[in-house]
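Here is a short report on a two-chain model.

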There are 2 protein chains.
Amino acid sequence: MSPSQIVNDFITAVEQKDVDTAVALLSDDIRYENMPMDPIIGRDAVAATLRMFLEPASAVEWPVLRETVDGSCVMNERLDRFKIGDGWLELPVAGVFEITDGLITLWRDYFDMATYQRQMAELTAGD
Amino acid sequence: MSPSQIVNDFITAVEQKDVDTAVALLSDDIRYENMPMDPIIGRDAVAATLRMFLEPASAVEWPVLRETVDGSCVMNERLDRFKIGDGWLELPVAGVFEITDGLITLWRDYFDMATYQRQMAELTAGD
């Protein structure tokens, strides 16, 4: 599989909330960096983080708006959408992925944390 | 010039705080989108915004860490650095650029606004 295919299979697995399939595409020493937060290192730690993010969502859609590739590096522009209760949380994201030997070794997402937090607070205000 | 050359000439002009040279590489109807903020539309509005961002900085460095290109689209990962007083504000950014007829028509930057605001407050606290 090409680096682009690997990244897009990973995103599809996330959309299906299939964490086992998703993390099988990551290297043992994967670095997952949400830029406003501390890096998360290792496949098991990423699996735990993904489950935490995905658990409150009844549906997940991460449409890729643009994708550019240079060798082992894939960058994409996405709108990560999470259905929370009756509404959708929508987070504009730019992602950077590095692929080595058919596995993702770096996943780095750029986004505005307050944009996420504000929507999450609104969507869970009634709970 | 290739789309990559146009984007990198634009960044070099920004680093030199040469706003006239920078905006000459933008289309009349340029859309400049800092994702946490409202879009800025038109060359004159972008020039005014750039002057506002660059004015407090005695030096500006926007090293490009990665760049990927697909036709008219250039994406890059940068560390935008601004020298403010005796310190450096450092903002991790992912940028998306669209180029048409040799001019940049879309400039979209993904970053965490709080990361910018927190450093700016620290660096100007003594003023």
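A nonpolar core is a set of buried Ala, Val, Leu, Ile, Met, Phe, Trp, Tyr and Cys residues joined through C-beta atoms within 7 Å. A residue is buried if 20 or more other C-beta atoms lie within 10 Å of its own, exposed if 12 or fewer, and partly exposed in between; C-beta atoms are placed from the backbone. By that rule, the largest nonpolar core holds 50 residues. Ile104(A), Tyr110(A), Ile104(B) and Tyr110(B) have the most contacts inside that core.

This is a predicted model: local features need pLDDT of at least 70, side-chain atom pairs count only at pLDDT 80 or more, and totals for chains, interfaces and linings use all residues. Residues are numbered from 1 along each chain as its sequence is written, while chains are lettered from A and ligands numbered from 1 in the order in which they are written.

Two residues are in contact if their C-beta atoms, placed from the backbone, lie within 7 Å. Leaving out residues up to four places away in sequence, Ile104(B) touches, among others, Ile6(B), Phe10(B), Leu25(B), Ile30(B) and Phe97(B).

**Strands of chain B**

Helices (H or I, at least four residues) and strands (E, at least two) are DSSP runs, numbered from the N terminus. Two strands pair if DSSP finds at least two bridges between them. A hairpin joins β1(B) to β2(B) through five residues.

| Pair | Sense | Bridges | Example of bridge partners |
|---|---|---|---|
| β1(B) and β7(B) | parallel | five | Arg31(B) and Leu106(B) |
| β1(B) and β2(B) | antiparallel | two | Tyr32(B) and Ile40(B) |

**Interface and symmetry**

In the interface, 19 residues of chain A are in contact with 19 residues of chain B. On the chain A side, β4 (64-70), β5 (73-84), β6 (87-100) and α4 (113-123) each supply at least two residues. That side has 13 nonpolar, two polar and four charged residues. Here Ala, Val, Leu, Ile, Met, Phe, Trp, Tyr, Cys and Pro count as nonpolar, Asp, Glu, Lys and Arg as charged, and the others, Gly among them, as polar.

A rotation of 180 degrees with 0.0 Å of shift along its axis superposes chain A on chain B, with an RMSD of 0.0 Å. The two copies are thus related as by a two-fold rotation axis. Within chain A, Asp112(A) comes closest to the axis, at 2.0 Å (C-alpha).

**A loop position**

Asp101(A) sits in the loop between β6 and β7 (103-110) of chain A. Its phi is near 50 degrees, a positive value in a residue other than glycine. Asp101(A) counts as exposed, with 7 C-beta neighbours inside 10 Å.

Conventions. Least-squares fit on C-alpha atoms with pLDDT ≥ 70 in both.
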